[in-house]
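Biologist: I have the file open and would like to go through it with you. Could you start with how you decide on a contact?

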Amino acid sequence: MEDIILKKNEELKKSRVRTFNKRKILKKSTPYTYILPIGILLLSFYVIPIIMSIYFSFTKYNIMTPAKFVGFKNYLNLAQDKMFMASLKNTIIYTVGVVPLQTSIALLMAVWITKREKSRLNELVKGAMFVPVISSMILIGIIWRIFLNGELSPLNMIFTYVGLNTPNWIGDTKLALPTLMGISIWKNVGYFMVIYISALMDIPKSYYESARVDGANKLHEFFYITVPLLKPTTIMVVFLGCIWSLQTFDLVYTLTGGGPGVSTMTMVLHIYNLVFKQFRAGYAMAVANVLFLLIAIISIFQRKLLQRDKSIY
Amino acid sequence: MKSIKRIIGNIILLMIASCMIVPFVYMVITSFKITYTAYNFDFSLSDITLQNYITIIRDTNFVHYFLNSLFIAISGVVLNVLFSSLAGFAFAKKEFPGNEKLFFFMIMTLIIPSQVTMIPLYIIMRQLGWINSYFALILPIPTAFGVFLMRQAILNIPNDLIDSARIDGCSDIRIFFQIVVPLIKPAIITLTIFTFIGAWNEFLWPLIVTTNDSVRTLTVGLSSLNAQYTVNYGLVMAGSTLTFLPSFIIYLILQKRFVEGVTLSGIKG
């Protein structure tokens, strides 16, 4: 009888030790199992592709047949590629044109709306400005194509009514890119306005009150209190705006297809055409890496600016 | 004086608001009209017809595209919310070697634009035989943004709450589902909206990985509709209206959460 009890005890002890160890290992490894699923997805859909992109950019590759290593040839060819140079130029013009405008419109609108007394109209404007934000770029492209085109399209009707010539919005080499830029600002400005509004809410009212006591007028308030305190938000808004502009594709694809001529060719559209129309995937990845480099530089710049800015607070 | 200024302000604001909305109003009105050319449109509300909607539903694959988009967006949401919150839980409440480094590494993937990775991704999907499959459309939806969002939300949960549950003998996974998840509902809703709208509006990637109609999404379908019926504006606008409607309804219902998400997304990158 005693023997059995002792044996049982022994067994119990052993099993306890075993489960204890098991539990310890389990406990230690659980965090990793929680991270694993998304980790695998991010690894296979972001990290591995970017490594592949760097490797293939040094090859001649059409996806169908094996890649052939060609060294820096693709990158050296970039400078002679007229389409690439045009797309780089357009993308940069697009970004440089869109970002300051949409940032300042968003800021001014946000300041104006938060300064006003609360009213239904404010809410309506906020809501209205967000409508383009939630719809897809492809939809926006389609709506505007019809909205702009033809003598009797709504916009041209207004132009005719006022007595102006109706411009060929997307058919004119000089006008096509600015038109696209305008549409893109129209779509995104509500997004950035909302970011600014929430940042404005965080500025203590007492700052303005004490400034007013010191004799500051509205312009002083704006430039000496609002703008400096919004600096981190502005850095973020500019950064996001730059990245979105650099990645422009959907709008160009539906509205102009890069034309007329090469006047609206963007980098992403060029990449798309290279791979799926000309089957030059290796070369396309060299173009893609230039785009990535641009974006990486901007992100590093943003991080540096924000880090320096933290010292203020 | 002040009231005049106010009235002028109101008028300007109303004009801005209408600039934002008029193209959409135009879209909806046109969708109810038979307009075979660009030259016979006006803003009048006569000759209203449902013909465009009937045609689009009966004669094109639009309903199929719609269901595809819905399926892809919902699966993407489930995947993203589940995986992100699990990872966020580990990063926020667990101590393990490499916690911060892994998190930083994950966040770094946010600066990689999907347009740059699309060609290698296409090659990977080809190798896997996933071109024209839902896998290719759904699996790339989650991003590190969700992990970031969830980690921030879970960090705010008091440790005592989790510890006391553990003392009561609650298992890890039960703590996660019964304590953590209910407490981060707002963040989950925000992530849900963002993932849904993102997946619903995505165009380039579905355009690349779908070559046949069976898995094609609404945006790609709409774009080909646009190319096919270049003169039948009414039909294209009916398609656009149907594409726009789901995200618009979600927006109307969850406006506040939307704004929250936008504010948070600023941290992205």
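Modeller: A polar contact here is a pair of N or O atoms within 3.5 Å, where, within protein, one must be able to donate a hydrogen and the other to accept it. Please keep in mind that this is a predicted model.

Biologist: How many residue pairs are in polar contact between chain A and chain B?

Modeller: The count is seven residue pairs, with both residues of each at pLDDT 80 or more.

Biologist: Which helix of chain A gives the largest share of the side that touches chain B?

Modeller: That is helix H1 of chain A, residues 2-56, which contributes 20 residues to that side. By class, the side of chain A that touches chain B is made up of 63 nonpolar, 16 polar and seven charged residues.

Biologist: And how many salt bridges does the rule find across the interface?

Modeller: For chain A and chain B the rule finds zero salt bridges.

Biologist: What area do the two chains bury between them, and on which atoms?

Modeller: Chain A and chain B bury about 7,900 Å² between them, with 79% of that area on carbon and sulfur atoms. In terms of residues, 86 of chain A are in contact with 89 of chain B.

Biologist: Changing topic, which residues of chain A does UniProt list as "transmembrane region"?

Modeller: The unreviewed UniProt entry lists several spans of chain A under that name, including residues 175-201 and 222-246. In the model, residues 175-201 of chain A are 100% helix and 0% strand, with the end C-alpha atoms 39 Å apart, while residues 222-246 of chain A are 96% helix and 0% strand, with the end C-alpha atoms 30 Å apart.

Biologist: What does UniProt place at residues 66-254 of chain B?

Modeller: The feature there, again from an unreviewed entry, is "domain: ABC transmembrane type-1". That span of chain B is 77% helix and 0% strand, and its end C-alpha atoms lie 21 Å apart.

Biologist: Now the backbone: what is the phi of Phe279(A)?

Modeller: Phi of Phe279(A) is near 55°, a positive value in a residue other than glycine. For context, most residues other than glycine have a negative phi. Phe279(A) sits in the loop between helix H12 (267-276) and helix H13 (281-310) of chain A.

Biologist: Why does Phe279(A) count as partly exposed?

Modeller: Phe279(A) counts as partly exposed because its relative accessibility is 46%, and that class lies between the cut-offs of 20% and 50%.

Biologist: Where does Asn132(B) lie?

Modeller: Asn132(B) is in the loop between helix H5 (114-128) and helix H6 (134-138) of chain B, and Asn132(B) has a positive phi of about 65° although it is not a glycine.

Terms used:
Residues are numbered from 1 along each chain as its sequence is written. Chains are lettered from A and ligands numbered from 1 in the order in which they are written. This is a predicted model: local features need pLDDT of at least 70, side-chain atom pairs count only at pLDDT 80 or more; totals for chains, interfaces and linings use all residues. Side-chain values use heavy atoms; hydrogens and water are left out. Contact means heavy atoms within 4.5 Å. Buried area is the accessible area (1.4 Å probe) that two parts lose on being put together, summed over both. A salt bridge is a side-chain nitrogen of Lys or Arg within 4 Å of a carboxyl oxygen of Asp or Glu. A polar contact is a pair of N or O atoms within 3.5 Å; within protein, one must be able to donate a hydrogen and the other to accept it, and residues adjacent in sequence count only if both atoms are side-chain atoms. Helices (H or I, at least four residues) and strands (E, at least two) are DSSP runs, numbered from the N terminus. Ala, Val, Leu, Ile, Met, Phe, Trp, Tyr, Cys and Pro count as nonpolar, Asp, Glu, Lys and Arg as charged, and the others, Gly among them, as polar. UniProt positions are given in the numbering used here, feature names are shortened, and annotations may be inferred rather than shown by experiment. Buried means under 20% relative accessible area, exposed over 50%, partly exposed in between (1.4 Å probe, protein chains only).
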